Amino acid sequence: LAVIRLWVMPLWNSFWLDETLTVWAIRDGFWKIFQVVPSTPESIAFCVVEWLTGRLAGLHEATLRLPSLAAAIGALYIYYRLGVEFIDRSAGLSLAALYITLYEVAIEVPNARPYSVALLIESAALLWLLRWLRDGRLRDGILWMTCAVVAGHFHQFFLTVLPLEAGFILWHAYRRPCVRTWQLVVCGLIGIALSAPAIPQLLSISRQARTLSWAPRPVFLDLFLAVTPIYVLPVVALLVLLEWFEGRRPHWVAASQPSDAVALGSLLLLAPTAIAFVLSRFTEVHVFHARWLLPTVPGAILLWGWLLHRIDSPFIRQMSLAGGLVASIVITGGLSPVPDYRREDWRSAVQSLPDSGAMLMYSTFPQARRLDSLQQPESWSYLMAPVLAYRPNIQSADAFVIPFDFDPAGQEYLERLVTTRILQRDRVTVVTRQFFAGPVWVHWISERLGRAGFRQIRDSAYGRVHVEVFQRFSP
């Protein structure tokens, strides 16, 4: 029921902002992907998968989200195997259920973005890694390295956990030799070879780090929420209290021997989260955001699944997961008949746009900070992706990008644009995503157009997407 409600029902919703970039990348053909994507943060590997999906089933919302849904279902099996093989035989279903309860996972499954696929591949990497440490077979080591690097090809942030996994293997080999040195060398060479194609795009992204840093500065509550299964932990605490009030004393069962799974899970959850928090708290590079912390999810599943199974009461374990699933259905899914996690109906907004006049667009892509590139063809099409996804015939002579930041440079740019290109039209449409400087820009533009004889004739909201239409009236 949770899978259907949280993962399947939203498949037919409108594309949200970032999904339209997937459409932008694959619309013009297979080879175009390799021409336009490397200079952006988009995943070439995922765009190839989506291009193939689009060729087979069309560029529709539900079809382009099928790879993410299939990956999420596959991840459930991977977590089942991780639980059975490395915690205890009853833990497999618990880990799978814990994965379903996570809000960060639920919103990325019905999503034409690479996160769900990358999560599947990373979880498979952990399965092969733990098998390699247990059995010492080179095949498992090669499969670990292959999956770990391929996950990074689907999203660059998933490469951040690879050094931690490699360090864990070296530490494990030092403490309890289980893999041979020549196996480490073979896996290392394979990792270097597979990682090489991603280096140019990683360098391009690193040069844009400050431009792409838009997440707010985190507080310590954000840090707590990032490492906690927020729907399951309160249920566990409540059930333990109820057991105590009724005279029963749940006990913590100590592990008979050290667990590689829990040590690895703790490392992969806590280290990247702490590093991202410190960077975002004390530097100008703000990367502490739930979407960018998704590489820590497999570690969270391993750690919290193991902790849950140290409680000796099967009733508490089962009911806490059941309560977490119910909470996910109610809270994550919301009260609407069909869950809408993003509340961005670009489909209806774009279909409602007038057929004539000029258009100003504030999409909230941080790349719109680079004012000198806003009218360059590739940058323009990238920044106009939400409109082009549903109306691909829009031309750059009629549609213009609003700068990301409401600052003096952005105001000067838009003032010049309004004076030279916009005021010559009799109708102006302003499309904004209501985040960051969107509302401020609307007010600024309304004042400029009002002084030039324009009046607002329409103000429509499509979730977080707003459309305002202004018409020139003769005195």
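A residue is termed buried when its relative accessible area is under 20%, exposed when over 50%, and partly exposed in between (1.4 Å probe, protein chains only). Helices (H or I, at least four residues) and strands (E, at least two) are DSSP runs, numbered from the N terminus. The structure is a predicted model, in which local features need pLDDT of at least 70 and side-chain atom pairs count only at pLDDT 80 or more, while totals for chains, interfaces and linings use all residues. Residues are numbered from 1 along each chain as its sequence is written, and side-chain values use heavy atoms, with hydrogens and water left out.

Two strands are said to pair if DSSP finds at least two bridges between them. Strand 3 pairs with strand 1 (residues 358–362) in the parallel sense, over five bridges, and with strand 5 (residues 465–472) in the antiparallel sense, over seven bridges. Val-428 of strand 3 is the bridge partner of Ala-358, and the bridge partner of Val-428 in strand 5 is Phe-470.

Nonpolar cores were defined as sets of buried Ala, Val, Leu, Ile, Met, Phe, Trp, Tyr and Cys residues joined through side-chain atoms within 4.5 Å. The largest such core has 79 residues, and those with the most contacts inside it are Trp-7, Leu-82, Tyr-99, Trp-144 and Val-297. Helix 8 (residues 115–135) supplies the largest share of this core, 14 residues. A second, separate core has 61 residues, including Trp-16, Ala-358, Leu-383 and Phe-404. With contact taken as heavy atoms within 4.5 Å, and residues up to four places away in sequence not counted, Trp-144 touches several residues, among them Trp-128, Trp-132, Glu-165 and Cys-187.

A salt bridge was counted where a side-chain nitrogen of Lys or Arg lies within 4 Å of a carboxyl oxygen of Asp or Glu. The whole structure contains 21 salt bridges. In one of them, Glu-85 and Arg-81 have their closest N and O atoms 3.1 Å apart; both residues lie in helix 5 (residues 61–86), four residues apart, about one turn of the helix. Another joins Asp-135 to Arg-137, at 3.5 Å. These four residues belong to a network of salt bridges that also includes Arg-131, Arg-134, Arg-139 and Asp-140.

Asp-405 and Arg-369 form a salt bridge at 3.0 Å. Asp-405 lies in the loop between strand 2 (399–401) and helix 22 (408–422) and Arg-369 in the loop between strand 1 and helix 20 (377–383), so this pair ties together parts 36 residues apart in sequence. Asp-405 is partly exposed at 28% relative accessibility, as is Arg-369 at 27%.
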